[in-house]
Amino acid sequence: MTTEDQKKAAALAAFDYVKPGMKVGLGTGSTTNHFIRELAVRAKSGLDVECVATSRATFKLASDLGLTMTTLEKHPYLDVTVDGADEFDGSFQLIKGGGGALLVEKIVASSSRYMVVIADQSKKVNTLGRFPLPVEVVPFGVNATAWKIERALKICNLKGKLVLRLKEGKPFVTDSGNAIIDVSIGAIPEPGRLDALLDVIPGVIENGLFVDICGIVLMGTDDGVKTFRKG
Ligand code: 5RP
């Protein structure tokens with residue numbers, strides 16, 4: 001099975017958690033795109049759902065495919081969000097934001113009864129941190145925010161290399177108009193502690209650690225889809 005096949009298999013398995021009448025959060029990324037395409041097919045055959053997108057790219061794909069879109073303003077409590085991840089560990093903690101949509105992804109997932117993560121097997125890790133942690137920051141004073149991120153790492157006995165994310169040679173701009181600093185750490189033994197320290201830094205909007213948000217992971221493997229459920 002290719003990685004793409006594994007992503008697709010995980011995406012199809014997510015339909016066990018999607019029922020008619022649900023309000024569904026749609027994540028961002030290549031794995032979620034498989035889910036969105038299949039959801040559009042099933043919606044045409046009568047699966048009646050309303051969707052909230054976590055990025056402009058997802059909104060465009062889902063609405064182009066004819067899915068009924070709604071907003072979190074109209075529906076502040078969603079039934080389920082289906083999204084990918086850059087990493088997940090055995091405690092259902094995630095790193096997200098490789099696609100730059102972490103802020104809205106976190107708002108939408110934490111507004112949902114269930115967050116179902118769909119992923120290929122390369123995303124499973126023993127300890128988070130192999131993937132650089134995306135931190136969404138206000139562009140103003142970005143270097144001042146950066147040294148405060150370094151200080152937060154130090155408090156956690158961690159060291160990281162901070163890189164301002166670029167796109168085509170210019171600072172990457174998120175859908176919310178912010179910048180992203182990618183922090184290469186290697187291993188984050190206490191994600192909850194780092195998450196809390198990062199989020200109180202003035203200038204940090206959100207970070208890509210998802211702690212206590214996800215309860216179900218569907219992982220595509222060569223031997224089929226493995227389900228991990230919390231509790
Ligand atoms: C976007 C994300 C994505 O879910 C994450 O990057 C995984 O993407 P893919 O499914 O393409 O591997 O967090 O901000």
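Select F88 to begin: this residue is buried, with a relative accessible area of 1% (buried means under 20%, exposed over 50% and partly exposed in between, using a 1.4 Å probe and protein chains only). You are looking at a predicted model, in which local features need pLDDT of at least 70, side-chain atom pairs count only at pLDDT 80 or more, and totals for chains, interfaces and linings use all residues. Residues are numbered from 1 along each chain as its sequence is written, and side-chain values use heavy atoms, with hydrogens and water left out.

**The ring pair**

A search of the whole structure finds two aromatic pairs. Rings of Phe, Tyr and Trp (its six-membered ring) pair if their centres lie within 6.5 Å; planes under 30 degrees apart are stacked, over 60 edge-to-face, and the rest tilted. F88 lies in strand β4 (residues 87–88) and F228 in strand β15 (residues 224–229), so the pair ties together parts 140 residues apart in sequence. Helices (H or I, at least four residues) and strands (E, at least two) are DSSP runs, numbered from the N terminus. F228 is partly exposed, at 25% relative accessible area.

**Charges over rings**

Next, show K96 and F210: K96 lies over the face of F210, 5.8 Å from the ring centre. Then move to W147, where the charged end of K148 sits over the ring, 5.4 Å from its centre. Here NZ of Lys or CZ of Arg must be within 6 Å of the ring centre and within 35 degrees of the ring normal.

**Two helices**

Now colour helix α5 (residues 142–155) and helix α6 (residues 191–199), whose axes come within 9 Å and cross at roughly 150 degrees. That makes α5 roughly antiparallel to α6 (angles over 145 degrees count as roughly antiparallel, under 35 as roughly parallel, 65 to 115 as roughly perpendicular and the rest as oblique). Axes are lines fitted to C-alpha atoms, for helices over the stretch in contact, with angles from 0 to 180 degrees between N-to-C directions. Show side chains to find I149, A152, L153 and I155 of α5 meeting R193, L194, L197 and L198 of α6; contact means heavy atoms within 4.5 Å.

**Last stop**

Finish at K7 in helix α1, which is buried at 11% relative accessible area. Leaving aside neighbours within four places in sequence, K7 contacts S30, T31, H34 and D120.
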